[in-house]
Amino acid sequence: MRKDVEEVAAALVREYLSRKGLKKTIACMDEELPRTNLSINNRSDLRRTLHLESLYKKNKSEEHPLKSMLEIMVKEQMKKGGDAKRCHLVDNRTLSAEENVPASASTATDASYVWKDGDLAGQYGDSLSLSESSSAVSQLTASPAKESPSPKSSKSISLCERGIFLPSSSQDSFLASSKAGLGYEKKNSDVDGQGSRTSRMRRGIMAGPITTSSQENSRRRPVRRTPGSLCLDKPEDDSDRVSWMSQSSSLDAGLTEADGTRPFERASSLSVGSHRQSMDSSEFDGLQRVKLHKNKSACSPRVDGLHMAGLVLDDIDDDEDLCGLSTVPVSNSLPQHNLNKRPMDQQTATALKEIIFGSPMMCFSEEWKRQSFTFSNVPALRYGIVQKKGGPCGVLAAVQATVLQKLLFERTSSDSSSERLRVSDAVRTKCLTEAVAEILWRAGDRKKATVAINSGRRLFTPVGHYRSEGVLETITCVDVESLDGLKLLVEQNVQQFESGPFGCILFIICAILSRTIPMVRRDMDVPTSTLIGAHGYCTQELVNLLLCGRAVSNVFDDEMKLDSGNGNFTLLKGIKERCNIGLLSLFEHYNICKVGSYLKTPRFPLWVVCSESHFSVLFSLYEDLASSPWSPREFDLYYYDGLANQQEPIRLTVYPGSAVKPSGSEDVDTDLIPPLDLCIRTRWADAGVSWNESEPIL
């Protein structure tokens, strides 16, 4: 309960600072009071939690509306303070003439509640019960029986003077129960201290009834919560004490939990009579218990279930515009002994930037920030991941090929291979989940993996030689030591990869941390190499990390030693084993590199194609093409390029060897041969390629 209060209060302060443009102050606050998964980072959620919709709309319609919710609440409370003073003046004039009439409920405002100042005595004949609603919670109160008061009782402090009011419905319920035989006992000490208390109330010092230290101890006792409506149980043998609810009336319409209950309700006990002020703590066992019941409401989420929408308060200008930016928190259903969560720190972020860019002062480009693994909506290409702009193509191609591996060759289905490409949203998301998990598990040497989750809030404030960009600073790292746990964690957070933002960035951070930064540097031939090169393009080290789990700098098999003279050797590291996904490169056609058999003949007929500084995917629907030692007379390959804005599948027919050529191929100018054809011929020498009436990509 206390935690909920702190989170709502902190969100209210952040919203105020954001509206005032005090971003440095917000940063200082986030550093000293970091946000958590329970933090409310959306103004609409905060407004619903505080039930300020009506006040917000009323404020918005004014000529000079206030900017922050805190200001709206302060204005309302100041207005209520003026109403209370006016009520006090009227009450002083009428109370002496109408001793038998209780305070009128007409002086109460919608969200206020009342307490009679006299102490309570006697036994309650009946239990009082009120029902809670999700829009406005009625306050449970108790009052002396309506009987002819003594002359001294008329001197009791007035209801309005105490600053606490009761809605008419609550008064009616209370008066009805009081007629059942509630006793009344005056308290001289209240009469004597009337002036001083009234003065303190007016100065804002008193927020409710005063309790003794014993009562304060009772007020701190835990509250039981059970389903049902809010009610006050009748005690069995305690005729002198009553449990009551004490709650601050400082917020308009009351601060209620998002499921309809008040998150800040506190159970308190009121001692009656001066001889009870020194009660032993054991005597409270017989006191009535207030049962707080939650009204389950589908339209209002719980406060502790409010998830960040990927935005921090200081980034929101329009509280209704979420822009689809979401983060999915780590589920508590995961086996906790396999999880190790830790926030990103500046030291790790600096090391990541150095290995990605070469300097902590460099940042991800907008092309990278906007890129996630979003699938195409073209009916015939629903399996394809769409690339928005150039840059992350190497990462997208590696993931695309692995998604096709899961979709075509690892799913149990009676559909034909071509029918499997017509996927539903659920199937392609599941394949993406499995693809991400496989790549990360392989990068972690099949022993562990790390998943980077966007927390939606800044976890550290950078200092020194470091340029902040709002990506690495928000990451929470979760370590997993089992493949099943990794799949479950990725599944619960797959939306951050599929719909973003920063889906592509988060994925490569996962891969680097799964491999670990020292191991990535050790994989490279030159430790100062980077994973993202000039113009934001992926380097071969990054592509190899995703394809084979090691960020090696070469594509040949195993290792190669170069004689450096004087008995020294330079070790060049390549691919150590046969990969699931292969690689074909136009650079090999130009004799710039040599692609080894581990990548040319992968386990599945799927190849990432590197051509003209761009990565795309080439694949076959028949698994035998990869495993067979011989090539058929002709076969089809499908080509997919997420950046090419394809509207239909591109089917290529390949004729291995020089014996058979596609019709019309003899007349083709060698300068107009598509680069993709040249890449295919590095795998099937002298092969003829037919584009089957599709426009060749030059």
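**Entry 1: the model.** I am working from a predicted model.

**Entry 2: α11 against α18.** I looked up how helix α11 (residues 346-356) sits relative to helix α18 (residues 503-515). Their axes come within 12 Å and cross at roughly 100 degrees. Angles of 65 to 115 degrees count as roughly perpendicular, so α11 and α18 are roughly perpendicular to each other. On the α11 side I listed T348, L352, I355 and I356, which meet I508, I509, I512 and L513 of α18. Sorted by type, the residues of this contact are seven nonpolar, one polar and no charged.

**Entry 3: α11 on its own.** I then went along α11 for burial and found Q346, A349, T350, L352, K353, I355 and I356 buried. These buried residues pack against α18 and α19. After α11 comes G358, with a positive phi near 100 degrees.

**Entry 4: α18 against α20.** Next I checked α18 with helix α20 (residues 540-548), where the axes are 11 Å apart and the packing angle is about 75 degrees. That makes α18 roughly perpendicular to α20. From α18, the residues F507, I508, A511, I512 and R515 meet L542, L545 and L546 of α20. I sorted the contact residues of α18 with α20 into seven nonpolar, no polar and one charged. I508 and I512 are on my list for α11 and again on my list for α20.

**Entry 5: the core.** Which residues touch the most other members of the largest nonpolar core? Out of 97 residues, they are W368, F373, V395, F507 and F619. Helix α13 (residues 393-409) supplies the largest share of this core, twelve residues. Another core, of 20 residues, lies apart from the largest one, and its members include L618, I650, V654 and W684.

**Entry 6: T530.** T530 is in the loop between α19 (517-523) and α20. Is T530 buried or exposed? Its relative accessibility is 17%, so T530 counts as buried. The T530 side chain reaches the backbone oxygen of I532 at 3.1 Å. Not counting residues up to four places away in sequence, T530 touches E354, I355, I356, F357, G358, M524, T539 and E541.

**Entry 7: E491.** I placed E491 in helix α16 (residues 483-492). E491 is exposed, at 51% relative accessible area. Its C-alpha atom is separated by 8.8 Å from that of T429, 62 residues apart along the chain.

Entry 8: Most residues other than glycine have a negative phi, and most peptide bonds are trans. I noted the exceptions here. The peptide bond from G500 to P501 is cis, with omega near 5 degrees, and P501 lies in the loop between α17 (494-498) and α18. T516, in the loop between α18 and α19, has a positive phi near 80 degrees. T516 is partly exposed at 25% relative accessible area. S613 is not a glycine either, yet has a positive phi of about 60 degrees. I found S613 in the loop between β11 (606-611) and β12 (614-619), partly exposed at 47% relative accessible area.

Technical notes: Residues are numbered from 1 along each chain as its sequence is written. This is a predicted model: local features need pLDDT of at least 70, side-chain atom pairs count only at pLDDT 80 or more; totals for chains, interfaces and linings use all residues. Side-chain values use heavy atoms; hydrogens and water are left out. Axes are lines fitted to C-alpha atoms, for helices over the stretch in contact, and angles run from 0 to 180 degrees between N-to-C directions. Helices (H or I, at least four residues) and strands (E, at least two) are DSSP runs, numbered from the N terminus. Angles under 35 degrees count as roughly parallel, over 145 as roughly antiparallel, 65 to 115 as roughly perpendicular and the rest as oblique. Contact means heavy atoms within 4.5 Å. Ala, Val, Leu, Ile, Met, Phe, Trp, Tyr, Cys and Pro count as nonpolar, Asp, Glu, Lys and Arg as charged, and the others, Gly among them, as polar. A nonpolar core is a set of buried Ala, Val, Leu, Ile, Met, Phe, Trp, Tyr and Cys residues joined through side-chain atoms within 4.5 Å. Buried means under 20% relative accessible area, exposed over 50%, partly exposed in between (1.4 Å probe, protein chains only). A polar contact is a pair of N or O atoms within 3.5 Å; within protein, one must be able to donate a hydrogen and the other to accept it, and residues adjacent in sequence count only if both atoms are side-chain atoms.
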